[in-house]
Amino acid sequence: MNDWLNKIGWAIGLVLLQVLILNNIHIGEFATPFLYIYFVLKLSSDTPRNQQMLWAFGIGLTIDIFDNTVGINAAAFVLMAFVRPTLLRLFTPRDTYDSFIPGKKVMGSASFLRYLVACVFIHHTALLTIESFSFISFGMLGLRIVLSTALTTLCIVAIEWFRK
Amino acid sequence: MRNLLNFLIKYNYWLLFLALEALSFILLFHYNQYQESYFFNSANAVTGKIYEVSGGIASYFHLKSVNKDLLDRNMELETKIQNLEKTLKAHQVDSLELLSIERLPQGSYMLYKANVINNSLNLTDNYITIDKGWAAGIRPDMGVVDANGVVGIVYETTRNYATVISLLNSRSNISCKIVGSNYFGTLRWDHSDSQHAYLEDLPRHAQFNLGDTVVTSGYSSVFPAGIMVGTVDDMGDSNNGLSYLLKIKLATDFGRISDVRVIARKGYQQQKALEQKSIITNE
């Protein structure tokens, strides 16, 4: 019960942070941090896949409603939640526990960073590709994906390293 | 059969994944097609309230620049008034001139003040949310301007809020002309940056210089003629070579708009209904 309240609090906090502050950041008109994906990144490794995807869908759709982009964030976030367990298994050292919350302590900085970049990159690629659906400028799209991925990763690393 | 069932049970998350993705895309395409789904946009009551509070806080950060804009505008208007008074005095004998000046703006247009409570720059289709809705007289398809120039066109309204298609939106197209010549073209945005847009379909024999002012043409029912849009920054040919493609530096700074005015033209609904009718009869 307490755990659920805790999660809902985190979800609301991250959504508000995203729509009120982060969505207004466009460094060089290209890079925007999408920090709300931090929520699913930090779910425990034994959370059922279905539950992860439902969280992702709920949070993604809420962001969409604020942003007038119905479906875009939801689709990208569900995709990330869907592949996350596979990526987690792929990047976790063999001798870790069965159930753990992904972090640099449990996984080691290098594996955690690899897991983080892979998840962020998949999410941003899906998000920005769907968003610019009708545009053919691949160079521009690629640049936005790479720069936004770098920025989001940087933000999450900062939070992760300061939270101890 | 049992194997199939076992398979489905084991991989049930695939089903949920496909269902959620399908739902997202249905919403995505549905929303793009129909304007009725206003539950899902930032004009609904809850998101509108949250944006209103945050917009109220954020507007304080812009006070200094807003103030400066107002002073500039004030000064400009004062010089204009002085010039007008001078002209009036020179023409005092000719009462017809006076009449035509008086008749111009009043009566046919109404202005409503509104505040911007949400705004975006970096999407393909950018919308602005304002804090006045149909209760205050705002209706879809009204024009929106700020102290510097054109901002966009009202898209959807709820009781107390409205969304505006800003110039920075792939759906926005506004009829504009270059001051001094009466040739007109269509203003579109290509998603590249928030300070420039392109003027298309300007005929090849039109004459103009770089730096010329671009204003609304008044041919659409949305904006009156002569509202500032921007200045010509660069010129080129359109893809088919039949017309000019001009790069326009927008007068409005979309990064910090906060006070806007919504322009309602009396009788615009009649004009629209008439144009709609003639389109139908043409078909």
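A: **Close look: a loop serine**

B:Ser120 is buried because its relative accessible area is 15%; buried means under 20%, exposed over 50%, and partly exposed in between, with a 1.4 Å probe and protein chains only. This is a predicted model, in which local features need pLDDT of at least 70, side-chain atom pairs count only at pLDDT 80 or more, and totals for chains, interfaces and linings use all residues. Residues are numbered from 1 along each chain as its sequence is written, chains are lettered from A and ligands numbered from 1 in the order in which they are written, and side-chain values use heavy atoms, with hydrogens and water left out.

B:Ser120 sits in the loop between β1 (109-119) and β2 (125-130) of chain B. Helices (H or I, at least four residues) and strands (E, at least two) are DSSP runs, numbered from the N terminus. Leaving out residues up to four places away in sequence, B:Ser120 touches B:Asn126 and B:Tyr127. Contact here means heavy atoms within 4.5 Å. With B:Asn126 there is also a side-chain polar contact of 2.9 Å. A polar contact is a pair of N or O atoms within 3.5 Å; within protein, one must be able to donate a hydrogen and the other to accept it, and residues adjacent in sequence count only if both atoms are side-chain atoms.

Next, another loop serine. B:Ser238 lies between β10 (228-237) and β11 (243-250) of chain B. B:Ser238 is buried because its relative accessible area is 16%. Its contacts, not counting residues up to four places away in sequence, are B:Ser243, B:Tyr244 and B:Leu245.

A salt bridge is a side-chain nitrogen of Lys or Arg within 4 Å of a carboxyl oxygen of Asp or Glu. B:Arg204 pairs with B:Asp237, the closest N and O atoms being 3.0 Å apart. That pair links distant parts of the chain: B:Arg204 is in the loop between β8 (196-203) and β9 (213-216), B:Asp237 is in strand β10, and they are 33 residues apart. B:Arg204 counts as partly exposed because its relative accessible area is 34%. B:Asp237 is also partly exposed, at 47%.

B:Lys68 and B:Asp72 form another salt bridge, with 3.5 Å between the closest N and O atoms. Both lie in helix α4 (residues 63-90) of chain B, 4 residues apart, about one turn of the helix. B:Lys68 is exposed because its relative accessible area is 51%. B:Asp72 is partly exposed at 37%. B:Asp253 meets B:Arg256 at 3.3 Å, N to O. B:Asp253 is partly exposed at 32%, and B:Arg256 is partly exposed at 30%. B:Asp69, B:Asp253 and B:Arg256 are linked in a network of salt bridges. Over all chains the search finds 9 salt bridges.

Across the interface of chain A and chain B, however, the rule finds 0 salt bridges. It does find 6 residue pairs in polar contact, both residues at pLDDT 80 or more. The two chains bury about 3100 Å² between them, 68% of it on carbon and sulfur atoms. Buried area is the accessible area (1.4 Å probe) that two parts lose on being put together, summed over both. A:Phe66, A:Asn68 and A:Val70 supply 21% of the area that chain A buries against chain B, more than any other three residues. In contact terms, 33 residues of chain A meet 36 residues of chain B.

Now chain A itself. Chain A has 7 helices and 0 strands. Of its 164 residues, 54% count as buried. A:Asn23 is in the loop between α1 and α2 (38-41) of chain A. A:Asn23 counts as buried because its relative accessibility is 12%. A:Asn23 touches A:Gln18, A:Thr32 and A:Asp67, not counting residues up to four places away in sequence.

Last, the cysteines. The structure holds 0 disulfides over all chains, a disulfide being a pair of cysteine sulfur atoms within 2.5 Å. A:Cys155 counts as partly exposed because its relative accessibility is 24%. B:Cys176, at 0%, is buried.
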